[in-house]
Amino acid sequence: SFTATCLNQLGAGGYRSLIVRGPANYETTAAAFKAQARQKLESKGWRIAISVGDQVSDMSGGYVDAGFLLPNPIYFIP
């Protein structure tokens, strides 16, 4: 994916997995997609203690112990 390529070029590779919302998920809101992704991680035994993001959807919908919103005045994703 374009995101993976950019991360690798910036030296931020080496991650175990990358979860991105692709064309098959465009009908799903960002908040619902992110909550479903966190739920899947939790079902695999992961615990998401903190979510940091610039969108309310980064921590809405559950499956996170705490969330920190860092407002970004440039854009908003519904």
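With six residues, α2 gives the most to the lining of the largest pocket. Helix α2 spans 30-43, and it and β1 (50-53) each supply at least two lining residues; helices (H or I, at least four residues) and strands (E, at least two) are DSSP runs, numbered from the N terminus. The model is predicted: local features need pLDDT of at least 70, side-chain atom pairs count only at pLDDT 80 or more, and totals for chains, interfaces and linings use all residues. Residues are numbered from 1 along each chain as its sequence is written, and side-chain values use heavy atoms, with hydrogens and water left out.

The lining has 22 residues, of which L18, I19, V20, A37 and L41 lie nearest the pocket centre. A pocket is an open set of points on a 1 Å grid over the protein atoms alone, where a 1.4 Å probe fits, with protein on both sides within 12 Å along at least five of seven lines; lining residues have an atom within 4 Å of a point. The volume of this pocket is about 710 Å³, taken as the space filled by probe spheres set on the points, which are joined across faces, edges and corners.

Two salt bridges are counted, each a side-chain nitrogen of Lys or Arg within 4 Å of a carboxyl oxygen of Asp or Glu. In one, the closest N and O atoms of K34 and D58 are 2.5 Å apart. Because K34 lies in helix α2 and D58 in the loop between β1 and β2 (66-69), the pair ties together parts 24 residues apart in sequence.
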